[in-house]
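Hello,

Here is the structure I promised to hand over. Please open it first, then read my notes below.

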Amino acid sequence: MSLFSFLGAVEIGLIFALVALGVYISFRLLRFPDLTVDGSFPLGGAVCAIMIHNGYSPYLATVAATLAGAVAGYITGWLNVRLRIMDLLASILMMIALFSVNLRIMGGPNIPLINDPTVFTLLQPEGLQDFWWRPLLLLVLVIVAKFAVDWFFSTERGLAIRATGSNSRMARAQGINTGAMVLLGMAISNALVGLSGALFAQTQGGADISMGIGTIVIGLAAVIVGEAILPSRRLVYASLAAIIGAIVYRFFIAAALNSDFIGLKAQDLNLVTALLVTLALVVPNFKRMLQHKRLPDAPKSM
Amino acid sequence: MKHLPWMTLGALTLAFAAIAPASAQEKSVAVTAIVEHPALDAVRDGAKDALKAAGYEEGKNLKWQYQSAQGNTGTAAQIARKFIGDKPDVIIAIATPSAQAVVAATKTVSVVFSAVTDPVAAKLVPNWEPSHTNVTGVSDLLALDKQMELVKKVVPNAKRIGMVYNPGEANSVVVVKELKELLPKMGMTLVEASAPRSVDVGSAARSLIGKADVIYTNTDNNVVSAYEALVKVGQEAKLPLVASDTDSVKRGAIAALGINYRDLGEQTGRMVARILKGEKPGDIKPEVSTKMELFVNPGAAEKQGVKLSEDLIKSATQVVK
């Protein structure tokens, strides 16, 4: 693997680390199976690309994209909490609705950002190559996002969101407004995804209506791979694990792209991802089973 | 799961081990497409054939690699990075999203795009003149005036042209936009019906009954994959169908004046060969397809209530029975 390809994997991994953080919040902290992500990722890209295309500042465009993601997540939560639509279904509805919304926002399926200013080009220091600079700036952004998430979810309100996710009946009994917590949690989760979409559009040449396909699978795979590498129930480690998972996932892709000699290609990647996630899900159970067998008072039969 | 760190390490080792030093006289071409699809695959194979004809043969003096992004833009971006890191002599990028990912990531490696309908709108090149950058390529833009002339030949008194397309496909949106400008000049109007998914093609076509005199379709992926649904409506409502993809004629369209994607690939391959021989991509004008083929299906015409003129049948490259 060349240096360029290595840094490319790190760069794209860091962008998807924000998706992984968002997915971690919805799936793990809130226990809300949220597929909105497949729509809010291109939503972030669309809002950011159209604003930059129309001459707005890239900083403003990135902030607007993040807010747009938050609104999308809020609506999914609202469909679930207020209209009592099943969580998974609410997110699917939002995901397909966003397809049309994104086309409206962009006014077409594709907005290129090839020579336009982006947050990356505006902040780029003299003499630093862009393939070094982009991952570097992303690393800083992801670290800031990670610590912001860690901090927020240890405040009283953040803890209330986590309580809502782990036992909503108990949380209500403690006087927590669980409905409001779901809305807030979903908004934060999709804000991170919208930000990720905006950064993707700014680094990869523009926004395209198809850029959301499979985002949720990548996010989920990152979370699960991260949990397998760094198993911990503490939020500080769990959020770090999601980030590491996202980057490691990109290395698996890079490996698949670079392993012509064993016959693996990029097109096999979906299968590899499915196998990887299955493995990560099954192995802990398997280990537990083995440990039980080693106990002295375990059943004698093999 | 304690094995995962080792698996990761293994994957990394694999990745690093794969740096194969290229021999000095060997040329290398790396090809990427956003998705595997009969037309896009034909472009790739055509390019390879043309390179072979120009004296660059895989395994002898050409290192050829191909990666498909499987429709995922994240993977497309990563394939772009890998290719640029490998520093091939030319990267061939097939279809808009793949081409944008590559062009956004390099200003130095030579890039030849192919099967991109509007490379100017996609900002791959500033205009249709030599770009003086590292980018050139071949567009699959159809000359729409010729397409509409064909529609007129099939249905001489057509005034309202119906079109079924996916509003999420960049290529189709370009066609709709241009038709809206072109048709009024020819005394005709455009009636749109959108099909965001392949399953919507039938109902979109049905919505055109009574509102359009003929249905014209471009190479929209949704429409092409569900063309039978369109044929069903065309026969039931005696609504003639004109396509732009010659394969659709075998499936029940009356006529199509289309690009042969294998020829488009060969045209791309000849351009790549010029760059391998030392020309600069910035000095080569972006091209459009030069070869068009007319396919007609008199049987389908009869079922859709139209009789084709002898002249039209005679001028066809192929008559489908």
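Start with a pair of helices in chain A. The axes of α2(A) and helix α4 (residues 87-106) of chain A come within 9 Å and cross at roughly 10°. Angles under 35 degrees count as roughly parallel, so α2(A) and α4(A) are roughly parallel to each other. By class, their contact has 13 nonpolar, three polar and one charged residues. On the α2(A) side, the residues that meet α4(A) include A:Asp38, A:Leu43, A:Ala46, A:Val47 and A:Ile50. On the α4(A) side, they include A:Met94, A:Leu98, A:Phe99, A:Asn102 and A:Ile105.

One caution before going on: this is a predicted model. Everything here is computed from it.

The crossing is right-handed. By class, the contact of α2(A) with α9(A) has 11 nonpolar, eight polar and no charged residues.

Which residues of α2(A) and α9(A) meet? From α2(A), the list includes A:Val37, A:Phe41, A:Gly44, A:Gly45 and A:Cys48. From α9(A), it includes A:Asn190, A:Val193, A:Gly194, A:Gly197 and A:Phe200.

**α9(A) and α3(A)**

Helix α9(A) has another neighbour to look at. Helix α3 (residues 58-81) of chain A packs with α9(A) at an angle of about 145°, with the axes 6 Å apart. The crossing of α3(A) and α9(A) is right-handed. Their contact has 17 nonpolar, 13 polar and no charged residues.

**Chain A as a whole**

How many helices and strands are there in chain A? There are 12 helices and two strands. Along the sequence, the pattern reads α-α-α-α-β-α-α-α-α-α-β-α-α-α.

The C-alpha atoms of chain A fill a box of roughly 70 × 55 × 35 Å along the principal axes. A compact globule with 302 residues would have a radius of gyration near 19 Å; chain A has 20 Å, which agrees. Buried residues make up 54% of the 302 residues. Take the contacts in chain A between residues at least 6 apart in sequence: 76% of them join residues at least 24 apart.

**Chain B as a whole**

Chain B has 13 helices and 13 strands. Its C-alpha trace spans about 65 × 50 × 35 Å along the principal axes. With 321 residues, a compact globule would have a radius of gyration near 20 Å. Chain B has 22 Å, which agrees. Of its 321 residues, 53% count as buried. For contacts in chain B with a separation of 6 or more, residues 24 or more positions apart account for 68%.

Look next at B:Asn72. This residue is found in the loop between β2 (62-68) and α3 (73-86) of chain B. Is B:Asn72 buried or exposed? A residue is buried if 20 or more other C-beta atoms lie within 10 Å of its own. B:Asn72 has 26 C-beta neighbours inside 10 Å, so it counts as buried.

What is B:Asn72 in contact with, leaving aside its neighbours within four places in sequence? The answer is A:Ile213 and A:Gly214. Within its own chain, B:Asn72 and B:Asn157 are 85 residues apart, and their C-alpha atoms are separated by 44 Å.

Most residues other than glycine have a negative phi. Two residues to check against that follow.

A:Arg31 has a positive phi of about 55° although it is not a glycine. A:Arg31 is found in the loop between α1 (3-29) and α2 of chain A. With 15 other C-beta atoms within 10 Å, A:Arg31 is partly exposed.

B:His132 is the chain B case. Its phi is near 55°, a positive value in a residue other than glycine. B:His132 lies in the loop between β4 (110-116) and β5 (135-139) of chain B. B:His132 has 12 C-beta neighbours inside 10 Å and so counts as exposed.

Best wishes

Technical notes
Residues are numbered from 1 along each chain as its sequence is written. Chains are lettered from A and ligands numbered from 1 in the order in which they are written. This is a predicted model: local features need pLDDT of at least 70, side-chain atom pairs count only at pLDDT 80 or more; totals for chains, interfaces and linings use all residues. A crossing is left-handed if the near helix is turned anticlockwise from the far one by less than a right angle, and right-handed if clockwise. Helices (H or I, at least four residues) and strands (E, at least two) are DSSP runs, numbered from the N terminus. Two residues are in contact if their C-beta atoms, placed from the backbone, lie within 7 Å. Ala, Val, Leu, Ile, Met, Phe, Trp, Tyr, Cys and Pro count as nonpolar, Asp, Glu, Lys and Arg as charged, and the others, Gly among them, as polar. The radius of gyration is taken over C-alpha atoms; the globule rule is 2.2 Å times the number of residues to the power 0.38. Axes are lines fitted to C-alpha atoms, for helices over the stretch in contact, and angles run from 0 to 180 degrees between N-to-C directions. Angles under 35 degrees count as roughly parallel, over 145 as roughly antiparallel, 65 to 115 as roughly perpendicular and the rest as oblique.
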